[in-house]
Amino acid sequence: MGRKGMSTSRASWGCSPWRSSSFCSHSGLRLGGAGHQGVGGSAEGPPTAPIMASALTILFLSCWLAGHSGAWGAGREYSKPTISVSPSRVVALRGSVTIRCEGRYRSMEFFLRKAGHPNPQVQMVPDGTMAEFPIPSVSREDGGSYTCDYHSITEQSRWSYLSDPVEIIVAEPSYPKPNILRT
């Protein structure tokens, strides 16, 4: 029970590391006693709004700070890179294609990740902001979804977010339709 006229029932507070840093939930809190429920005071007891507002402010700020400090983001603090394919996302079998990953900062190590494959391709770029990953002779296995990310060469705990995915489609080479000449 605690103070006269005030009781709290079971409450749960949560800030999940798998949700965005702005998501902090509170469920099941009930302040009550002597005929009132919710946040606020009554003539029958002391005002609870200032106490509750302070507690909610502290909880919100704690969740916000944890989300923005990298505590839940595993060190993800650089903006996501831009990924592009040249000359085209659709490439003929045995053709060539280059995947580019561009960040905003110099002295980064870039990682090209193919969906379903555990080992990324890695390229260190000490003097620029873009890594190029050429595929000189495309096979069917090169088709699929790719993303990239990067981290600082000097501070390897500071990572970017993943890029948006890009899909490479491997097409069969097209040959011109044969003409039949009649004589």
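Guide: This is a predicted model.

Visitor: Which residue in β9 stands opposite Thr82?
Guide: Thr82 faces Glu102 across the pair.

Visitor: And where do the side chains of β7 point?
Guide: Strand β7 covers residues 82-86, and its side chains alternate.

Visitor: Why do they alternate?
Guide: In a regular strand, side chains alternate between the two faces of the sheet.

Visitor: New topic: how many disulfides are there?
Guide: A search of the whole structure finds one. Cys101 and Cys148 form this disulfide, with their sulfur atoms 2.0 Å apart. The pair links distant parts of the chain, since Cys101 lies in strand β9 (residues 97-102) and Cys148 in strand β13 (residues 144-152), 47 residues apart.

Visitor: Are those two cysteines buried or exposed?
Guide: Both Cys101 and Cys148 are buried.

Visitor: Why is the disulfide called right-handed?
Guide: The torsion about the S-S bond of Cys101 and Cys148 is about 85°, so the disulfide is right-handed.

Visitor: What about the largest nonpolar core?
Guide: That core has 20 residues, and Ile99, Phe110 and Tyr146 have the most contacts inside it. Strands β7, β9, β10, β12, β13 and β15 each supply at least two of its residues.

Visitor: Which residues does Tyr146 touch?
Guide: Leaving aside residues up to four places away in sequence, Tyr146 touches several residues, including Ile83, Ile99, Leu112, Ile135 and Ile168.

Technical notes:
Residues are numbered from 1 along each chain as its sequence is written. This is a predicted model: local features need pLDDT of at least 70, side-chain atom pairs count only at pLDDT 80 or more; totals for chains, interfaces and linings use all residues. Side-chain values use heavy atoms; hydrogens and water are left out. A disulfide is a pair of cysteine sulfur atoms within 2.5 Å. Helices (H or I, at least four residues) and strands (E, at least two) are DSSP runs, numbered from the N terminus. Buried means under 20% relative accessible area, exposed over 50%, partly exposed in between (1.4 Å probe, protein chains only). Two strands pair if DSSP finds at least two bridges between them. A nonpolar core is a set of buried Ala, Val, Leu, Ile, Met, Phe, Trp, Tyr and Cys residues joined through side-chain atoms within 4.5 Å. Contact means heavy atoms within 4.5 Å.
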